[in-house]
Amino acid sequence: MIPGEVWHRSRAPVASHDTLEQALQIHWGLTATLTPLYGERDLNVRLDTPGGETWLLKLAHPDTGRRRLDFEQAVLDGLDTRRASPAAPTLVPSRDGESLVPITLDGAVRTHLRLLSWLPGEPLDPERAGPETLEALGSAIARLNEALAACAPRDTRALPDALPWDLRNTADLAPLLDACPPLVPAEAIRRTLEAFRRNVEPALRALPAQVIHNDLNPDNLRCDPGRPGAAPGVIDFGDMVVAPVVCDLAIACAYLVGRAPDTCLDRVVAVLRGFDRVRSIREAEWALLPILLECRLCQSLLIQGARVGDGHPDAEALETNLEGHGRRLLALQALGRDRAGWLKAAVISRTSGNLNG
């Protein structure tokens, strides 16, 4: 696993259209139009066939070992058998019956190619999502983690301990601050890191842990605009780790934090309400949730900020993300009351409103 201090320099593998089209034809017998999609470390390509079918082709990062990919396959296979779990992609076997196809790229780089079903729906739009959609998201997070606890392989040694996106490793990203541009709120990040080291890290490591998705950001959720109360589908299981379930909940909620202190937790309340309906949030988790929201925002600011500082090809788009995450972090830190107590009261009383009022 790439250490946190150089994670921002990691890039997805490169393969030509000809290489991918040839592999697709040889191994799956498919001809399709290829549309590249964003991927932090995997090369993701949408496939549209002449017959109207849609698939997802994934070229794994060369550093991702076979054991890790086999673990992900086992999880997706397990989720496919559980009715209560949110919808997730399924792996499509090749002509030879293999779900992982070895491939050699230019420069003798070896990695694996996978074909997955395309999950219908649209990414979650935090600005347009109403309470019904957000509560459905919260319930889906709880059910997803119930399913992961039941179906994930018991041998988790294939999963990383040092993944930079693991909330338990937030403090390890501190060295990236020196590489970030000025628009990253450095003092706010330092405050969060200090609070994490002092109060959160030991409490977090004391909680029970299981396999979690670890990347429930809006782009990894698939919603049906015509059915706001339906459970969203979930994609991209490449960042799974063994960690407390509250981390999955906090990660999803961090991207829904508003930019104004008075209302920054309103959407979060709806998600927590949906989660709590399926699986009660425990006292230790209530206490950790507000700072874990800050921690996820800090992870995004530090990793993406270091990418901007390092001249990443997507620097312009990343700068827009940095501005939004920075304002969310500052809004959380500006709250003047006991945030954990307020969140719990708001969820239980089915209300939301001005935390400072």
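This is a predicted model: local features need pLDDT of at least 70, side-chain atom pairs count only at pLDDT 80 or more; totals for chains, interfaces and linings use all residues.
**Entry 1: the cores**

I began with the largest nonpolar core, which has 95 residues. A nonpolar core here is a set of buried Ala, Val, Leu, Ile, Met, Phe, Trp, Tyr and Cys residues joined through side-chain atoms within 4.5 Å. Buried means under 20% relative accessible area, exposed means over 50%, and partly exposed lies in between (1.4 Å probe, protein chains only). The residues with the most contacts inside this core are Leu 79, Ile 189, Phe 237, Leu 249, Leu 265, Leu 272 and Leu 293. Helix 8 (residues 283-309) gives the most to this core, 14 residues. Helices (H or I, at least four residues) and strands (E, at least two) are DSSP runs, numbered from the N terminus. I also found a second, separate core of 20 residues, with Ala 23, Ala 32, Ile 103 and Leu 113 among them.

Residues are numbered from 1 along each chain as its sequence is written, and side-chain values use heavy atoms, with hydrogens and water left out.

What does Ile 189 touch, not counting residues up to four places away in sequence? I listed Leu 177, Val 184, Cys 298, Leu 301, Leu 302 and Leu 329; contact means heavy atoms within 4.5 Å.

Next I looked up Cys 180, in the loop between helix 4 (131-151) and helix 5. Cys 180 is buried, at 14% relative accessible area. Leaving out residues up to four places away in sequence, Cys 180 touches Leu 301, Leu 302, Gly 305 and Ala 306. Cys 180 and Leu 302 are 122 residues apart in sequence, yet their C-alpha atoms are 6.8 Å apart in space.

**Entry 2: helix 10**

Which residues of helix 10 (residues 339-349) are buried? I wrote down Arg 339, Ala 340, Trp 342, Leu 343, Ala 346 and Val 347. They sit on the same side of helix 10 because they cover an arc of only 165° around the axis, the arc being that of the directions from the helix axis to the C-beta atoms. The buried residues of helix 10 pack against helix 7 (266-278), helix 8 and helix 9 (315-333).

Ala 108 lies in the loop between strand 4 (101-105) and strand 5 (109-117). Its phi is near 60°, a positive value in a residue other than glycine, and Ala 108 is exposed at 59% relative accessibility. Asp 236, in the loop between strand 8 (233-234) and strand 9 (241-243), also has phi near 60°. Asp 236 is partly exposed, with a relative accessible area of 29%.

**Entry 3: Ala 206**

Ala 206 is in helix 5 (residues 186-206) and is exposed, with a relative accessible area of 62%. I checked Ala 206 against Pro 244: they are 38 residues apart in sequence and 9.1 Å apart in space, C-alpha to C-alpha.
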